[in-house]
Amino acid sequence: MTELSDRQIEIIEATGKILTASGISGLTIKNLANEMKFSESAIYRHFKSKEEIIIAMLNYLVENIDKRLESVTRSNETPEEKLNTLFRNQLDFFNTNKHFVVVVFSDGLLDESTRIKETIHKLLGVKIKHLMPIIIEGQQKGMFTNAIAAEELMQIFIGSFQLQMFKWRLANFEYDIQRNGNNMVQSVLTVIKSK
């Protein structure tokens, strides 16, 4: 795991606050320095640029998700239980770390740089890495339909989850994401279960 100093984590959290309040356009080193009551040069001692801060934030998220979901995929639960646990874990994490939802769903973020785009792609890869084996196991055990390819089922889950996160972000986090997210998971499971 990439080791971030306590100060770098503080900078990432302040970045999340700014992104939540002002979006990507409001994230400047000057605004970040004001938020933290630092000089701009103090920010630059920890990160070379705004891009570096966003990439550190996304890499931190990638490593965090990978570590948390590893224990879910290795558990002895049934594939359906694993999916419930995996998504509940994600919903709990994002409910207490909303700034990560903001950074992933910030307007214009993908246009900021190729490196940011690559890091977001890495984030998607980690989700696929943990979701695919569970879906394949469910199909092999006859719990999930084989009428739809595992990759398509995985896309249904990821797409539904991302849509739920995006809607929550647009609603300024004003509804119960755990209840809505769990309802979404149950709906998708109803669709994919073998009859």
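Student: What follows α2, and what is its phi?

Tutor: K37 follows α2, with a positive phi near 60 degrees. Helices here are DSSP runs of H or I, at least four residues, numbered from the N terminus. This is a predicted model, where local features need pLDDT of at least 70, side-chain atom pairs count only at pLDDT 80 or more, and totals for chains, interfaces and linings use all residues. Residues are numbered from 1 along each chain as its sequence is written, and side-chain values use heavy atoms, without hydrogens and water.

Student: What makes the phi of K37 worth a remark?

Tutor: K37 is not a glycine, yet its phi is positive. Most residues other than glycine have a negative phi. N172 is also not a glycine, and its phi is positive, near 55 degrees.

Student: Why is K37 called exposed?

Tutor: Exposed means over 50% relative accessible area, buried under 20%, partly exposed in between (1.4 Å probe, protein chains only). K37 has 74% relative accessibility, so K37 counts as exposed.

Student: Which residues of α2 are buried?

Tutor: They are I29, L32, A33 and M36.

Student: How do you know that they line one face of the helix?

Tutor: Look down the axis of α2: the buried residues fall within an arc of 100 degrees, so they line one face. The arc is that of the directions from the helix axis to the C-beta atoms. An α-helix has 3.6 residues a turn, so residues three or four places apart point the same way.

Student: What do the buried residues of α2 pack against?

Tutor: They pack against α1, α3 and α4. Contact means heavy atoms within 4.5 Å.

Terms used: Helices (H or I, at least four residues) and strands (E, at least two) are DSSP runs, numbered from the N terminus.
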